[in-house]
Amino acid sequence: MARIDGGESLVLPRPALAGLRMGLAAAIARHFGGLLPLVVCWEALSRSGIVSTFLLPPLSAVLQRVWEDALSAELTINLGMTLYRALAGFAIAALGGVAIGILMTRNRFVRWFFDPIVSVGFPMPKIAFLPIFMLWLGLYDVSKISMAAFNAIFPVIVATIAAAEGVDRHLLWSARSLGASERQLLREIILPAALPQILTGLQVALPVSMIVTIVTEMLMGGQGLGGAMIAASRFADSPGVFAGIVEIAVAGLCLVKGIAVLRRHLLIWHQEAQEPTTV
């Protein structure tokens, strides 16, 4: 039932409701249908006795554990701490990465200083710096957020450099010939033209930030999804470990889908957001 401007109630006819339900079911099947065989095999294999339930607890038991964690507020606390650290690290990486990338394309000294750092740091496994961060910043949120930001900033820098250097030079020449200042060039031409590729870098950086946050929580302990998983493994709590995997997977999926929605919103003017046309 819906309301219209006159305050009257509008009841959708049954065929419309049936079509709405079918469309929703089709959308769910399209996006998550590939998981159905995995879910069925998981439950059947665990119930069959071929694999010990300690090694592979039934999915139903794992989901029951997730539900119990949600009712006890343990899930809310751990998920909140993990998302806080991951998103804080991602925000620092996004702001710092875009700023450094733009400056590297606009200033020779900045390019000279950061280019070797990016060239060496981008391909290397930066999780190796975790002991240093623990020594310098301790075992609490500062070190975990810093580690997430340190790992996530490199794809943002690289994407920003590639995007800014790929802007059509004819646009820049035309704007300069019309008297545009460097600030106007950056605000009105470079950033809008580079935004799609910058957002691609951010889409890479967000999962990296989430992954590194989980790893640091596992190694450092404390509250968070990663810490809860390690605590469960220490007590041989197999459903708790697999519940953590499910919780992390759902949280990661929501983050990825969220930034994809943000991309479509920010690029509503861009060609990639337009509906394909048929002749």
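This is a predicted model: local features need pLDDT of at least 70, side-chain atom pairs count only at pLDDT 80 or more; totals for chains, interfaces and linings use all residues.
View 1. Residues are numbered from 1 along each chain as its sequence is written, and side-chain values use heavy atoms, with hydrogens and water left out.

**View 2. What is tucked away, and what shows?** Of the 279 residues in the protein, 32% are buried. Buried means under 20% relative accessible area, exposed means over 50%, and partly exposed is in between (1.4 Å probe, protein chains only). The protein exposes about 17200 Å², with carbon and sulfur atoms supplying 70% of it. Those areas come from the Shrake-Rupley method with a 1.4 Å probe; for residues, only the protein chains shown count as cover. Now for contacts, meaning heavy atoms within 4.5 Å: among those between residues at least 6 apart in sequence, 69% join residues at least 24 apart.

**View 3. Helix 10 covers residues 225–234.** Look for Leu225, Gly226, Gly227, Met229 and Ala232, which are buried. Their cover includes helix 4 (74–106), helix 9 (182–220) and helix 11 (238–266). Just past the end of helix 10, alanine 236 takes a positive phi of about 55°.

**View 4. Phe129, Phe133, Phe150 and Phe154 are linked by ring pairs into a cluster.** Rings of Phe, Tyr and Trp (its six-membered ring) pair if their centres lie within 6.5 Å; planes under 30 degrees apart count as stacked, over 60 as edge-to-face and the rest as tilted. That rule gives 5 aromatic pairs. Take phenylalanine 129 and phenylalanine 150: their ring centres are 5.2 Å apart and their planes sit at 75°, so this pair is edge-to-face. It ties together distant parts of the chain, since phenylalanine 129 is in the loop between helix 5 (108–121) and helix 6 (130–137), and phenylalanine 150 is in helix 7 (residues 141–165), 21 residues apart.

**View 5. Phenylalanine 150 also pairs with phenylalanine 154.** With centres 5.7 Å apart and planes at 80°, these two rings are edge-to-face as well. Both residues lie in helix 7, 4 residues apart, about one turn of the helix. Phenylalanine 150 is partly exposed at 23% relative accessibility, whereas phenylalanine 154, at 5%, is buried.

How values were computed. Helices (H or I, at least four residues) and strands (E, at least two) are DSSP runs, numbered from the N terminus.
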